[in-house]
Structure formats: C-alpha cells, structure tokens
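Q: Could you walk me through this one with me? I'd like to start with the packing inside and then move on to other parts.
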Amino acid sequence: MAFRIVKINSRCKLETRLNYLVCMKDQETKILLDEISTLIIESQQACITSALISELVEHGIKVVFCDRKHNPQSELVPYFGSNDSYRKVKKQCQWSSSTKDRIWKRIIQMKIHNQAMVLKRENKEDGYQTLLSYEKQVTDGDAENREGLAAKTYFASLYGSSFDRRRECFPQNGYLDYGYAILLSAVNREIASLGYLTQIGIHHIGETNPFNLGCDLMEPFRPLLDGFLVSKNFDDDNFKSFVLSCFGFEIFCGKRNMVFDNAIRSFVISCIHALNEDNPDLIETVRAKDEQL
C-alpha cells in the first residue's frame, strides 16, 4: 500500500522510468511509484514530463501544485476513478436531501466531538464542556449551525479570544491552512479513486468549488490534525515537514487503529456506502488513538 508523501522543493526534472519516479538534479533519486500516496510539487522551478503525469494518474497518486508562496494551489484529479463511474455518479446525483442531511448531522457530531477532545487534552475544561453540549444539539443538516458555534468556541479556547481564522497575521493559520489543504487533497484522492465526483457535495454546494464532497468528508479529520499540531513550536522552515509526517501517525477508525492516511480511505468508503444505503450508522467513527470509546 502506498505510504510516502513526497515533496519537491527545489529545481529539478521529474520523469518516470521502469515504474519509478525519477528526480534529476545534482544527483538522481528514484522512488517506486507504488510507494507514493501524494506528490507535492512546491517548487515552481520543477519540470514534470507528461509521461510521469499519466503514470501518477494510473497509480492513483494525488498530485498537489503550490503557488509562489509555496502554499497548495491546485491538484490533479483524474477523469475516471473506476470502470463503473457512470453508475456511481448517477447514484450520487440521486442522493436525497433527507439522506444528505442525516449524514451531515453524523459528520458534524463527529467533528465537534473530536474538537472537544482536543480541548480536553489541552486542559480547556470550559470549552470542552461547551462543545459536548453542542454535539448533542446537532440536528439533521445542522440547521441551527452548531458547527459554526463550536468552531468559535474551539479556536478561542485553543488560541485565545482574539484569534481569527481569517487573518494571516496569526501564524497558526498558515500551519492549519497547509495541513487542511493536504488533508482535502487526500480525501479528494479517495473520492475520485472510488469513481465519484468531488464536485457534488452533501452540504457544501459552492458552484465554483470543484471539491464540495471532499470539503464535506474531511470535517471529522480537521481536529485530529489540529491535535497533532497544537502546542508545537513551529517556524516557516520546519512546519511543513511535521504536517506531512502527521499522515503517518495512527488514529482510531471503525474498530481499530489505523495510519491517518489509510483511515481517510476507510472513512470515505463508509460515508459513500452510508449515502447509497441511506443509513448514517454505516459511517465509521474516527477518533484520536488515545481516546477510550
């Protein structure tokens, strides 16, 4: 199973040879394509051959391209993830509003619960208790926006009442945004590989957002990633490497501990199954590894 996240951060040429990704700069480096889950091209001085792009798609490897500031900007998404995509997309377009609302309720309950557990581990008792109450108040479709209220309490408890997720002056936002971008890419990879469209979401419905479904299904994983990052001392030189390493850490998914990246695939499969069967109980639970259920 693919397990490597490869980051290209300097001038080089990338090509393929005998099922390997070949990186040519001062010296030649080869990595077996079967071992790569994600390729992040951070440098804008890297050249990549069309043959390699085709092989990356064939192997189901997610490719993320970065902008001049080295932040994720776009990604490569294949047209077809499986040989029965038409049947699956047709089914996806038939998901009812009531089904999507019930699935969204379960997803948001899971997200808020995981946020609460981050606060508990950080000894933020007031915020922890508030989020537990919000978790119980989530309705179908989260009509009363308990997700938004929980987010305000969560980030204020973690980083102080003056913290604003929309302002670049807070360095934590840069770390979180980078992690969430890689997380979204990983979720999109799994959706596409299963033959479904990332554009058609269950709650996110932005007409200009090509990743609505990915934005939906990534939600419970956000606080799990936060939990790895909170209270760590980062700077612009080392935080990206640590963020990428988080995808090799273990979390609880379903009934066992799994590597974060593998848990994403298992969770996405369970959500798609739940949507097709109109049964939220089919969604696997994702939790921090150290949480006792």
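Q: Which residues is Phe 221 in contact with, leaving aside its neighbours within four places in sequence?
A: In this predicted model, Phe 221 is in contact with Leu 183, Ile 251, Phe 260, Ala 263, Ile 264, Phe 267 and Val 286, once neighbours within four places in sequence are left aside.
Q: And which members of the largest nonpolar core touch the most other members?
A: Those are Phe 221, Phe 260 and Ile 264, in a core of 70 residues. Another core, of 16 residues, lies apart from it, and Cys 12, Leu 14, Ile 36 and Leu 56 are among its members.
Q: OK, switching to the open sheet, what's the strand order?
A: The order is β4-β3-β2-β6, an open sheet of 4 strands with mixed pairing. Because β4 (28–32) and β6 (46–48) each have a single partner strand, they stand at the edges, and one side of each is left without a neighbour in the sheet. From one strand to the next, the twist averages 25 degrees.
Q: How many bridges join β2 to β6?
A: There are 3 bridges between strand β2 (residues 12–17) and β6, and the two run parallel; Lys 13, for instance, has Cys 47 in β6 as its bridge partner.
Q: Which helix packs on the sheet?
A: Helix α1 (residues 50–58) does, touching β2, β3 (20–24) and β6, with its direction at about 60 degrees to that of β2.
Q: Last topic: what volume does the largest pocket have?
A: Its volume is about 570 Å³. Of the 21 lining residues, Asn 71, Asn 173, Gly 174, Tyr 175 and Asp 177 are the closest to the centre.
Q: Where does the largest share of that lining come from?
A: It comes from α6, with 8 residues; the elements giving two or more residues are α6 (171–193) and α9 (239–246).

Terms used: Residues are numbered from 1 along each chain as its sequence is written. This is a predicted model: local features need pLDDT of at least 70, side-chain atom pairs count only at pLDDT 80 or more; totals for chains, interfaces and linings use all residues. Side-chain values use heavy atoms; hydrogens and water are left out. A nonpolar core is a set of buried Ala, Val, Leu, Ile, Met, Phe, Trp, Tyr and Cys residues joined through side-chain atoms within 4.5 Å. Buried means under 20% relative accessible area, exposed over 50%, partly exposed in between (1.4 Å probe, protein chains only). Contact means heavy atoms within 4.5 Å. Two strands pair if DSSP finds at least two bridges between them. Axes are lines fitted to C-alpha atoms, for helices over the stretch in contact, and angles run from 0 to 180 degrees between N-to-C directions. On a 1 Å grid over the protein atoms alone, a cavity is a set of points where a 1.4 Å probe fits but cannot get out, and a pocket is an open set with protein on both sides within 12 Å along at least five of seven lines; lining residues have an atom within 4 Å of a point. Grid points are joined across faces, edges and corners, and a volume is the space filled by probe spheres set on the points.
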